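Q: I have a structure open and have not looked at it before. Can you walk me through it?

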Amino acid sequence: MEFYVLIIGLLFVLAIVDLVVGVSNDAVNFLNSAIGSRVAGPRVILVVASAGIFIGATSSAGMMEVARSGIFNPGEFMFAEVMVIFLAVMLTDIILLDAFNTVGLPTSTTVSIVFELLGAAVAIALIKMFNDPQAVQSLSHYINQEKVGEIIMGILLSIVIAFSAGALIQYVARALFTFEYERHIKGIGVLWSGIALTSISYFLLIKGLKSTGLVPPILLEWSEEHLVLFLLAAFSLMTLLSFLLQRSGMPIFRIVVLAGTFALAMAFAGNDLVNFIGVPLAGFEAYKTWSASGLGASELSMQSLAGEYPAQTALLFAAGMVMVLTLWTSRKARSVTETEVNLGRQDEGSERFESNMISRGIVRTITRSAELSSNAIPPTWRSYMESRFQRSVPLARLELTDEPSFDLVRASVNLTVASILIAIATSFKLPLSTTYVTFMVAMGSSLSDRAWGRDSAVYRVSGVLSVIGGWFVTALVAFVVAALVAALIFQFGSVAITAIGLLAVMSLVLSFRFHARKEKRKASIEEAHKASVTMSSRELVSQVQQNTADTLEEIARVYHMATDGLCREDQVRLKKASHAIRALNRTRHDFRQTTYHAIRKVREEGSEGSRALLLNADLEKDILQSSILLVELTRKHVDDVLLPLLPEQQQALRELGEELKAFLEDCASAIRSANFSQRKAFKGKKQQLLLRVEGLITEQSAGIKKQQYGSRNSILFFNFLLESKDIIAVAFRFVKLHNRLQKTLDSGQSDSLISASDDGEEGD
C-alpha cells in the first residue's frame, strides 16, 4: 500500500513538471500569430492568452478517455500493470518534450502522450503474453488498434490539408488587401473581419466551450441541427460588429488576431490538459478503486477505468495556475515560438536551419515549375497579380525599419484557417493535432505571402522538413522509450524507478544549462547586431579590431594546445582544442552575420568601416578553416593510435609552436591597440617563420628519401606545416589590413581599400 502511495505522489509531481514542459512547447500554437505580427505589446498578448488558458483549464470537462482507455483496453490489465504503464508514460513524456523545447522545435503533446501510452501498453502486454501461456496471445486484445490508426491518419491529413488551406487562403487575402492593407480595409476588410470572427466564434463554441458547461445545451443542440442558419446569423452579427468597431476607430484586424489568440489558448487548455494531467488523474482513480477493493495489486482488473469520472475543480484550478505561470516565465516557450515565427518571417536575415539535399531539390523543382507555369498565364493578368504583391518597404530594408515578422493580414489568416480546420475536424470527431494544424497553416501562408524568396526558400524549406521530421521522430521515440521504461520498471521495480527518475532529473538540469548557454550566445549576437547597425564608421572599425585580436589570441592558444597534445599523444587535450576552435568558429560565424546589416547602415557614406568588415570576415574565415583542419588532422592521428612523431619532429614542432604563438599574440596586441609602428618588425618575423617552415619541409622530404619517417606521420607533419604556413600568412595580412585602414581613417580620406595586400607586396 505505501509503495503505491509513493507512486501516486510521484505521478502528481511528474504532472506538474509535465505541465511546465508541455505548455512550453504548445504555447507556440496560440502565440505565433500574435507575436509575429506584433498585434500588441508582449504583456497584452500574454494577458489575453493567459485568460484563455485559465478559463479553458478551470472549465475543462476533466479527463479525456484517451488517457484511460482510448489506446489500451484497461480491463485486460491489472492495477500493478496499469501503474507501471502510467509511470513509464509520465517519465518518458517529460524527457521527450523537454528535449524538443531545448532545441526550440514544436511538436505535438497529443501525439507524444498517445504513442507513449501505446508503447508502454504494448510492452506490458507482450510481457503478460510471454509470462502467462494462458493469457490471450493476440496483441489486438490489449490494444485499441482502430483508435491508433485514426490518430496516424489524422497526423498525415492535418499536415497536407493545413498547409494547402493556409497557402490558398493567404494568396486570396493578399491579392485582396495587398501589403498596404490599410488602404483597402474600409470596404472588404469589414467582410473579412466578419468571416474571421465567425469562424473563430464557431471554433470557440464547439472546441473550447462545448464541454465546459458555460454554454446552454439547448444552444449547442440548436447550432448543430441548424448549422447553416447559425453560421449566417453569426456572420451577420460579426460583420455588423466589425463595421461599428471600424467606425469608432478600432483596428478590426487587431481584434481578430487577439480574439483568435484567446480562442486557441482556451481550446488548448480545455482539450490538451489531458496530455499533462490525464495520466496522473487516471492513476489516482485506479488507486482509489484498488484500495477499496481489498484485493492484491496483481489481482484487480482495471475495467473501472473505462467508465467516466467527474472533473475535480481544485485540481483543474491548480493546473490552470501552473500553465499561466509557465507561459509568463518559460524561456523555452519563447524559443519554440521564435522558431515558428522565424520560419515564416517576411524579411531577410540569418537563417537557423542549413540547407540539405531534399530542400534544395524541392526548391529547384518548384522554381522551375513556377517559371514554366507563369508562361501559361496572360501577361496582363500576371502583371496585375504581381502589383498586388509589391511591398511599399523594400525587403532589404525591413530589419532597419524594425518591421514585424509579418503583418496582421497573415496573422488573421493563420488564426482563421486554423480555427476552421480544427472546428471541422472536431465536429466530425476526426483526430487532429492542433500543433500540426497551426504550424502547417503558418508555413502555407508564408509560402503564398512570398516570405520564402530565392535567398531564403531553401533554408525555410529545410526548417519545415526538420520540424515535420521531428513529429515522426516524436511518435517513434515516444513508443520505443516508453516501452523500454515500462519493461524496466516491471522487471526491476523501485530500483528502475529510482534510476530512471534520476536520469530524468539529470536530463532536465543538463537541458536547462544547455538552453541557458544558447540563450546567452543568442543575446550576445543580437546585441552585436543592434550595435552594428547604429555604430559610426570608426566605431565599427574599433569593434572589428577587438574581435580580430580576440580571434588571433584564441587561435594562438589552440595552436599551442594542438602541438602539445600531438607530441604527448594527449587525447583529452586535443579534444579540448577541437571544441575550442569549433566554438570560436561558431561565434565568429554568428558575428559575421552582422556584416551585411552593418554595411547597409553605412553604405551611403562610402565608409572604410564597411569595406574593412568584408575583408576582415574573409581573412577570419581563412584562418579559422586552416586552424580547424590542423586540429582535426592532429586529433584523428592520435585517436587512430598511429605511430607518434619522432623525437626530432616533436622538438621541431614545439619550437615552431612557441614562435608562432608569440607571433600571433604580437599581431593581436598591435591590432587591439591600433599601434602599427613595428610593422616592419612583424614582416621580418613573418619571413623568418615562413623560412623556418620551408626548412622543416625540406628536412622532412630528405628524411622520407632516407626512409627515416613513416608515411602517415610524414603526411601529418606536412599538413601541419602547410596549415601553419597559411596561419602565419593570414595573421600578417590582418596586420596589413588594419594598418592601412587606420591610416585612411586618421587622414580622413575615403580612398578605396582595394585589398589586404595592396601595398606592393602581393603574394605575402
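A: One definition to begin with: the expected span of a helix is 1.5 Å times one less than its number of residues. Helices (H or I, at least four residues) and strands (E, at least two) are DSSP runs, numbered from the N terminus. This is a predicted model, where local features need pLDDT of at least 70, side-chain atom pairs count only at pLDDT 80 or more, and totals for chains, interfaces and linings use all residues. Residues are numbered from 1 along each chain as its sequence is written, and side-chain values use heavy atoms, with hydrogens and water left out.

Q: What span should helix 4 have at 1.5 Å a residue, and how far apart are its end C-alpha atoms?
A: Helix 4 (residues 79–103) has 25 residues and should span 36 Å; its end C-alpha atoms are 37 Å apart, which agrees.

Q: What follows helix 4?
A: Gly104 does, with a positive phi near 75°.

Q: Zooming out, how many helices and strands does the protein have?
A: There are 26 helices and zero strands. Of the 764 residues in the protein, 51% are buried.

Q: Now packing. At what angle do helix 13 and helix 17 pack?
A: Helix 13 (residues 331–344) and helix 17 (residues 434–448) pack at about 25°, with their axes 9 Å apart. That makes helix 13 roughly parallel to helix 17. Axes are lines fitted to C-alpha atoms, for helices over the stretch in contact, and angles run from 0 to 180 degrees between N-to-C directions. Angles under 35 degrees count as roughly parallel, over 145 as roughly antiparallel, 65 to 115 as roughly perpendicular and the rest as oblique.

Q: Which residues make the contact?
A: Glu340, Leu343 and Gly344 of helix 13 meet Thr438, Phe439, Ala442, Met443 and Ser446 of helix 17. Contact means heavy atoms within 4.5 Å.

Q: Next, is Thr551 buried or exposed?
A: Thr551 is buried, with a relative accessible area of 1%. This residue is in helix 20 (residues 537–568).

Q: What is Thr551 in contact with, leaving aside neighbours within four places in sequence?
A: Its contacts are Leu584, Arg588, Glu620 and Leu624.

How values were computed
Buried < 20%, exposed > 50% of the residue type's maximum accessible area, 1.4 Å probe, protein only.
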